[in-house]
Number of protein chains: 2
Amino acid sequence: MPQHGRSDIDAYEAVFTALAHPVRRRILMTINFEGGSMSAGKIAQMFKHSWPTTTRHLRVLEAARLIRCKRDGRNQIYTIEKHRLEVLCDWLDWFAKPTG
Amino acid sequence: MPQHGRSDIDAYEAVFTALAHPVRRRILMTINFEGGSMSAGKIAQMFKHSWPTTTRHLRVLEAARLIRCKRDGRNQIYTIEKHRLEVLCDWLDWFAKPTG
DNA sequence: TTTATATTTAGCCTAAATGCTAAATATTCG
DNA sequence: CGAATATTTAGCATTTAGGCTAAATATAAA
């Protein structure tokens with residue numbers, strides 16, 4: 001059970017929690033729109049709030065595995081994990097079938 | 001602009017907020033599983049927390065228009081608005097297309 | 001190795017969410 | 001009408017989330 005085992009039973013929890021905040025949704029949107037990756041600094045400068053606040057949001061997205069990060073010199077590059085959004089589709093599937 | 005106008009600009013906000021709590025996700029799941037409608041009492045008895053707590057969760061789901069309610073005698077019948085879940089699909093669509 | 005750049009961690013504070021109990025409301029039934 | 005049932009509203013207590021500033025860390029450049 002590599003991706004969909006009991007170990008991932010809280011995927012819904014993590015993903016829905018991460019997507020609950022507009023700043024985090026906007027971070028995901030923007031990383032995606034910019035080609036899939038962005039540095040922490042580039043992300044932080046989109047917002048009027050402080051950089052540490054952005055860092056905290058990034059941590060939540062990372063905990064949900066919606067992004068991952070890798071250092072490149074003194075930059076941290078955050079990359080979106082698009083496929084992780086399938087968790088939402090999985091959840092929606094419960095409602096797709098005719099009621100019963 | 002009946003369904004998709006500026007009046008609905010915060011649909012993402014309302015829906016993602018509503019789905020952020022496991023109790024609310026479970027309420028939706030169960031109403032759907034039970035055929036689409038359930039009384040407040042039936043919903044409340046699923047949980048170990050107090051009934052007023054459930055009522056509050058129902059208010060959040062209602063604000064997001066994920067359920068609606070109608071009185072039937074002394075029961076309140078909550079009905080799921082399945083189509084409202086399309087808001088999630090709409091949001092996911094932003095990521096569907098090849099990055100760019 | 002000192003200095004500058006990029007970013008995170010720590011710790012605090014406030015606001016919002018969630019849960020509870022008690023009281024109120026609405027509807028039905030005797 | 002008065003009692004019983006079904007459910008919500010009010011108001012309070014506690015937890016969690018989100019924001020800020022200051023300090024720490026890591027890499028690079030001089």
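Biologist: Of the atoms of DNA strand D within 4 Å of the protein, what percentage belongs to sugar or phosphate?

Modeller: The share is 71%, and the rest belong to bases. Before we go on, this is a predicted model, where local features need pLDDT of at least 70 and side-chain atom pairs count only at pLDDT 80 or more, while totals for chains, interfaces and linings use all residues. Residues are numbered from 1 along each chain as its sequence is written, chains are lettered from A and ligands numbered from 1 in the order in which they are written, and side-chain values use heavy atoms, leaving out hydrogens and water.

Biologist: Which residues are closest to DNA strand D?

Modeller: A residue is near a strand if one of its heavy atoms lies within 4 Å of it. Here 23 residues surround DNA strand D, and Ser50(A), Thr53(A), Arg56(A), His57(A) and Tyr78(B) are the closest.

Biologist: What distances separate polar side-chain atoms of Asn75(B) and Tyr78(B) from oxygens of DNA strand D?

Modeller: A polar contact is a pair of N or O atoms within 3.5 Å. For Tyr78(B), the distance to a phosphate oxygen is 2.4 Å, and for Asn75(B), the distance to a sugar or linking oxygen is 3.0 Å.

Biologist: Which element gives the largest share of the surface near DNA strand D?

Modeller: Helices (H or I, at least four residues) and strands (E, at least two) are DSSP runs, numbered from the N terminus. H4(B) gives the largest share, 5 residues. By class, this surface has 5 nonpolar, 11 polar and 7 charged residues. Charged means Asp, Glu, Lys and Arg; nonpolar means Ala, Val, Leu, Ile, Met, Phe, Trp, Tyr, Cys and Pro; the others, Gly among them, are polar.

Biologist: And which residues come nearest to DNA strand C?

Modeller: Of 23 residues around DNA strand C, the nearest are Tyr78(A), Ser50(B), Thr53(B), Arg56(B) and His57(B). Sugar and phosphate make up 69% of the atoms of DNA strand C within 4 Å of the protein. The side chain of Tyr78(A) places an N or O atom 2.3 Å from a phosphate oxygen of DNA strand C, and for the side chain of Arg24(B) that distance is 3.0 Å. H4(A) supplies the largest share of the surface near DNA strand C, 5 residues.

Biologist: What rotation superposes chain B on chain A?

Modeller: Copies are superposed by least squares on the C-alpha atoms of residues with pLDDT of at least 70 in both. The rotation is 180°, with 0.0 Å of shift along its axis and an RMSD of 0.0 Å. The two copies are thus related as by a two-fold rotation axis. Within chain B, the C-alpha of Ala20(B) comes closest to that axis, at 2.9 Å.

Biologist: In what order do the strands of the chain A sheet run?

Modeller: Two strands pair if DSSP finds at least two bridges between them. The open sheet of 3 strands has the order E1-E3-E2, with antiparallel pairing. E1 (37-39) and E2 (67-72) of chain A each have a single partner strand, so one side of each is left without a neighbour in the sheet. E2(A) and E3(A), residues 75-80, pair over 6 bridges, and Arg68(A) has Thr79(A) as its bridge partner in E3(A).

How values were computed: A polar contact is a pair of N or O atoms within 3.5 Å; within protein, one must be able to donate a hydrogen and the other to accept it, and residues adjacent in sequence count only if both atoms are side-chain atoms.
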